[in-house]
Amino acid sequence: MSGEVILVVLIIVGLIGRSPIIATAACILLIVKLVHLERYLPAIERRGLEIGLLCLTFSVLVPFASGRITTKEIAGALTSWPGWIALAGGAIATYVNGKGLEMLKFDPQLIVGLVIGSILGIVFFRGIPVGPLMAAGITAILYKLLTLILERID
């Protein structure tokens, strides 16, 4: 029964924090549990991130598909200094995400802190949860920095 209670708490936190994404996800998972469809939870866990990233990628690529962004605009963006910064940002973000994935494979219980931290970021800082990989990547970087600092102190 504790899983259901936690989901209800997350629904309340999502509503209070005005985070429809957290509230909706918790509601759907609560329905899955209450309708006794728990056998699908491993599949949701395994493929949910991929489906979410696919939907996010769809929304980002719609301007290309609809023709709102032209080839000339793409070329202009890739030949300007903000475009180069965006390229670097994208490359760095994917690198950090990879480090986050490595960290989650190494220490999967960190997901609890990442989820709670994401909820706190949503509620108190009006943040947007774009994925646990970036949160894990930032955690990996902070962990590495703290390790280096503590090694120099000792």
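Figure 1. Glu-102 has a relative accessible area of 48%, so it counts as partly exposed. The model shown here, as in every view below, is predicted. The partner of Glu-102 is Lys-99, and their closest N and O atoms are 3.6 Å apart. Lys-99 is partly exposed too, with a relative accessible area of 29%. Both residues lie in helix 5. They sit 3 residues apart, about one turn of the helix.

**Figure 2. Glu-4 and Lys-33 meet in a salt bridge**. The structure holds 2 salt bridges. In this one, the side chains of Glu-4 and Lys-33 come together at 3.9 Å, N to O. Glu-4 belongs to helix 1 and Lys-33 to helix 2, so the pair ties together parts that are 29 residues apart in sequence. Is Glu-4 buried or exposed? Glu-4 counts as buried, because its relative accessibility is 15% and the cut-off for buried is under 20%. Side chains of opposite charge can pair when their charged atoms come close.

**Figure 3. Helix 1 packs with helix 2**. Helix 1 covers residues 2–16, and helix 2 covers residues 20–34. Their axes are 8 Å apart. The packing angle is about 155 degrees. That makes helix 1 roughly antiparallel to helix 2, because angles over 145 degrees count as such. The crossing of the two helices is left-handed.

Figure 4. Which helices each supply at least two residues of the patch? They are helix 3 (41–65), helix 4 (71–78) and helix 5 (81–106). Helix 3 gives the largest share, with 6 residues.

Figure 5. Phe-64 is placed in helix 3, the helix with the largest share of the patch. How does Phe-64 count, given its relative accessibility of 41%? Phe-64 counts as partly exposed, because that class runs between the limits of 20% and 50%.

Technical notes: Residues are numbered from 1 along each chain as its sequence is written. This is a predicted model: local features need pLDDT of at least 70, side-chain atom pairs count only at pLDDT 80 or more; totals for chains, interfaces and linings use all residues. Side-chain values use heavy atoms; hydrogens and water are left out. Helices (H or I, at least four residues) and strands (E, at least two) are DSSP runs, numbered from the N terminus. Buried means under 20% relative accessible area, exposed over 50%, partly exposed in between (1.4 Å probe, protein chains only). Axes are lines fitted to C-alpha atoms, for helices over the stretch in contact, and angles run from 0 to 180 degrees between N-to-C directions. Angles under 35 degrees count as roughly parallel, over 145 as roughly antiparallel, 65 to 115 as roughly perpendicular and the rest as oblique. A crossing is left-handed if the near helix is turned anticlockwise from the far one by less than a right angle, and right-handed if clockwise. A salt bridge is a side-chain nitrogen of Lys or Arg within 4 Å of a carboxyl oxygen of Asp or Glu.
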